[in-house]
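Please look over the model below with me.

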Amino acid sequence: RPVLCGIYSRLALEMPGWDPQNEYRVLEAFWTRARDRAGAYATVRLKALARLLVETRRAYTTDDEMAALGFTTGELEELLAAGWLSNLGTRWSFAHDLLLTWAISKALAFDFGQRLRSAADLIDIVKTLNAAREKASDTLAGLGFLLMDVVWQISADAARADEIAAFLAGFEDEESTGPWELYRSLLPTIGPRIIPVLVARIKRLGADDGHMAIHIVAALRQVMGDDRAKRDVLLDELWAHASEHSIDVALTLANGWPFHAHRDRLWTDYCTMSAERESDRYVSERFDAMDAALRTIVCDAPDWLTDLVESERSADEYRIAAYFLKSLDVERGNAIWSRTRDRLFGVIAPERQSVLIECIDRFGDERDAGVLALHALSDRAWASKAVATWAKIDPGAVLDYIEALPPLAPIPPGRDWMDRLFDYDGDRTRTALQQWREAGDSTGGERSALFFRAEDRRGDAPDGAR
């Protein structure tokens, strides 16, 4: 925008060290400069001129109208010199649509602040003035920047956030701006002052507006910045509002922003929904969002999960904690598992320790071999899973176990455990596996099916299984 660059250059020369953070600040400074140059009432009259143009839908006014608005000759000369006005014969106009738009936004915001115009009034005016302008027409239209200039002006009053949110809602339809451009491209240019308005918009979302929440989340992520304290306040406000959409947005934002303030409540809700997996009350999207939020908390403070396991909980909570732990990345999960394994084995009944076998498969080491051996020798449904995990940790012990020809059915799933045994001792493994399966099935069918899993290792299999 060449005109904006020119304004910035002019102001920068006059104000050494000036560092505006966005284009709104540039225009704000240029507006103040007009007042400084032309007198205290200059900007009041510029707003009056803007209102007149809005009411008449013209892009210009006349000498008589300028006089009726109260402009003095001295003010007009200063505003011409300051770059705000243009004069051609008896016609007066703003020097550029950029400045016209800014003056209109100032006038509308003042009227909104004085409650002379409602959010609905502003929607109608902005949409009308944003319509395409016909060529060679003096009709006031085609002011594409007006929407965001108005948002900048009125968003300064956080106390009116709910009304401003209603104003934004008027531009969410695709025929206007559309939610993608509005929330992901335009509103983030306002910066942090738009946050209360975005929160208010979330609180106004109806039952069928869930798709809009996705776009508002994108805007919040852009404008929130790295201030952790402000993030916590935002999450707390959304959580406290307790509507479906506000909770969903809070959880979505909490995937990346540690939500410690309500982590215990979040854990309780997570456990409740986990227990309702087979009921109509289970909502997979909400559960996944809670899971992601809890992961962010654990990444930020892994001791929280350790302390949770060490505290007094119900048997089901311990199992849910174990399932959650199992799903963590190996590096973080290893550290937590090493501190909580004994506790989990102590509080989860043996007949419900299948999840702990899965934890060992992910994080375990030689300390877990004894537990795996006990489960492998049991008649529980996951005995074969214990054997497969045990093979990864102590293949020699598993070969001893297999050579004793245990009546294990079904055999462990997959082939990783077989590869581990073959890598450890190929000759011994093929002999042990052959004898084990033949002991359970003299036809050789089970033996052949077992070796068929690892076709690329058939050279390691006994002749009869090829």
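Q: What share of the contacts in the protein with a separation of 6 or more comes from residues 24 or more positions apart?
A: Where contact means heavy atoms within 4.5 Å, residues 24 or more positions apart account for 63% of the contacts in the protein with a separation of 6 or more. This is a predicted model, in which local features need pLDDT of at least 70 and side-chain atom pairs count only at pLDDT 80 or more, while totals for chains, interfaces and linings use all residues. Residues are numbered from 1 along each chain as its sequence is written, and side-chain values use heavy atoms, with hydrogens and water left out.

Q: What makes S2 and S3 a pair of strands, and in which sense do they run?
A: Two strands pair if DSSP finds at least two bridges between them, and strand S2 (residues 85–88) pairs with S3 over 4 bridges in the antiparallel sense. One of the facing pairs is Ser86 with its bridge partner Ser93 in S3. S2 and S3 form a hairpin with 2 residues between them, and Gly89 in the turn has a positive phi of about 65°.

Q: Why is one side of S1 and of S2 left without a neighbour in the sheet?
A: The open sheet of 3 strands has the order S1-S3-S2, with antiparallel pairing. S1 and S2 stand at the edges and each has a single partner strand, so one side of each lacks a neighbour in the sheet.

Q: What makes up the contact of H7 with H9 by class?
A: Ala119, Leu122, Ile123 and Val126 of H7 meet Glu163, Ala166 and Phe167 of H9. With Ala, Val, Leu, Ile, Met, Phe, Trp, Tyr, Cys and Pro taken as nonpolar, Asp, Glu, Lys and Arg as charged, and the others, Gly among them, as polar, the contact has 6 nonpolar, no polar and 1 charged residues.
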